[in-house]
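I opened this model today to look around.

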Amino acid sequence: MDSPTTATTASLALATEPPLTLKIGERLLPSRYFLAPLAGYTHLPLRTALRELGGMGLATTDLILAPQLLAGSRKSAHLLATNAQDNPLSVQIFGGQVEHLVRAAQYLEDQGFAGVDINMGCPMGKVNSQGGGARLLCDCDRAVQIVAAVVEAVSLPVTVKMRLGWDEENLTAPQLARDFEQVGVAAITVHGRTRQQGFHGRVNLEGIRQVVAAVEEIPIVGNGDVRSVADALRMREVTGCQAVAVGRGAMLDPWIFRKLDQHHRGAPLVDPTPDEQIAFLRRHFELLAERRGNYACVLFRKFAGWYGARLGIPEELEDRLRRMETIAEFEQIVAEARARHGERRTSMPTALVKTPNGPNAHW
Ligand SMILES: Cc1cc2nc3c(=O)[nH]c(=O)nc-3n(C[C@H](O)[C@H](O)[C@H](O)COP(=O)(O)O)c2cc1C
């Protein structure tokens, strides 16, 4: 469990650091702890359920293929779904063709979205074969041209999310960050791994520090392997980044943003009660079912392995969550989980046991 004592002494200096807010372009964000996009997971229902727990500064949609967005595909409509409470929000787009990205950004501005994020970090073959995602890290001139064209085409803040480079021999992120800043990018999120690493190994904080050192003033958002308050503080302390994006850590501990907020306010870190844990499980599912009906059962299955250990769900019930087919079945599982909360034998999340190198294989 996190407690103020798990942070290093130097980290604790951040506790009194004012302010918690951060400006990206003209946007004032209420906290420096962001939700990193996780395709297939960070849909509106999850964002809403997490926001209700408090402490989140900015969320970003799953990546949306620019031409699909422009064609108004059903999938992109689901990914773009938002509401007044789902704020602040950026929409992440990707694609290999500058015209698609420019038009997609203009469309988003017309629709009233407040921020556009360009994905240059995705390691997936299907994204990279179209010249998008991390492939752009190999072609700096082109990457800068694309980003500059998008920045010029819209007045809302344009941000970029990238990795450290394609591989250890090509750590292009510092140079790219400097160039992106020159063409008007408002902030950059850096996942401290290379494309070649996928999700293997540990996040390279020194690599992120070099990106922070390379820019003049735009915020750099550090990302990778943050699972606790102490990890987030360490990321800020070692790299000097102005904000931290948490991806998988938010599913392993949905209260991480609230705890970070408590930490910075000098308040004790309060762990959720068993009732709050079960309430979160229900709330996320309920929000998903409101939008997707019974199909929510299928969409929710993959959360079981992330939530099970944290929410005190016995292994056998977690397994039933992974196979559930109806909303009524979900309710039965929740009733049992409430009655048997804490019976679970292991605190290690199944998602990490089954996919020791992260769920890279799934996306
Ligand atoms: C299942 C999954 C889906 C992801 N989808 C996206 C995505 O849509 N866009 C993106 O920029 N990064 C995506 N990422 C990368 C994360 O945003 C993040 O950079 C990475 O997981 C490291 O941070 P973490 O250790 O906090 O999860 C994804 C990662 C995972 C595991």
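**Asp225.** I started in the loop between S10 and helix H10 (229-239), where Asp225 is found. Helices (H or I, at least four residues) and strands (E, at least two) are DSSP runs, numbered from the N terminus. Phi of Asp225 is positive, near 65 degrees, in a residue other than glycine. Most residues other than glycine have a negative phi.

**Ground rules.** I kept in mind that this is a predicted model, where local features need pLDDT of at least 70, side-chain atom pairs count only at pLDDT 80 or more, and totals for chains, interfaces and linings use all residues. Residues are numbered from 1 along each chain as its sequence is written.

**Overall.** I noted 18 helices and 11 strands in the protein. Of its 363 residues, 48% count as buried.

**Helix H8.** Next I looked up H8 (residues 173-182), whose buried residues are Ala173, Pro174, Leu176, Ala177, Asp179 and Phe180. Their cover includes helices H7 (140-153) and H9 (205-214) as well as strands S8 (158-165), S9 (187-194) and S10 (220-223). After H8 comes Gly184, with a positive phi near 105 degrees.

**Ile188.** I then listed what Ile188 touches, leaving out residues up to four places away in sequence: Thr159, Val160, Met162, Ala177, Phe180, Ile218, Ile220 and Val221. Contact here is C-beta atoms, placed from the backbone, within 7 Å.

**H2 against H13.** Helix H2 (residues 44-53) packs on helix H13 (residues 274-292) at an angle of about 145 degrees, with the axes 8 Å apart. Axes are lines fitted to C-alpha atoms, for helices over the stretch in contact, and angles run from 0 to 180 degrees between N-to-C directions. From H2, the contact residues are Leu44, Pro45, Leu46, Thr48, Ala49 and Glu52. H13 brings Phe280, Arg283, His284, Leu287, Leu288 and Arg291.

**Pro88.** Last, I checked the loop between helix H4 (74-80) and strand S6 (89-94), where Pro88 is found. What is the peptide bond from Asn87 to Pro88, cis or trans? That bond is cis, with omega near 0 degrees.

Notes
A residue is buried if 20 or more other C-beta atoms lie within 10 Å of its own, exposed if 12 or fewer, and partly exposed in between; C-beta atoms are placed from the backbone. Two residues are in contact if their C-beta atoms, placed from the backbone, lie within 7 Å.
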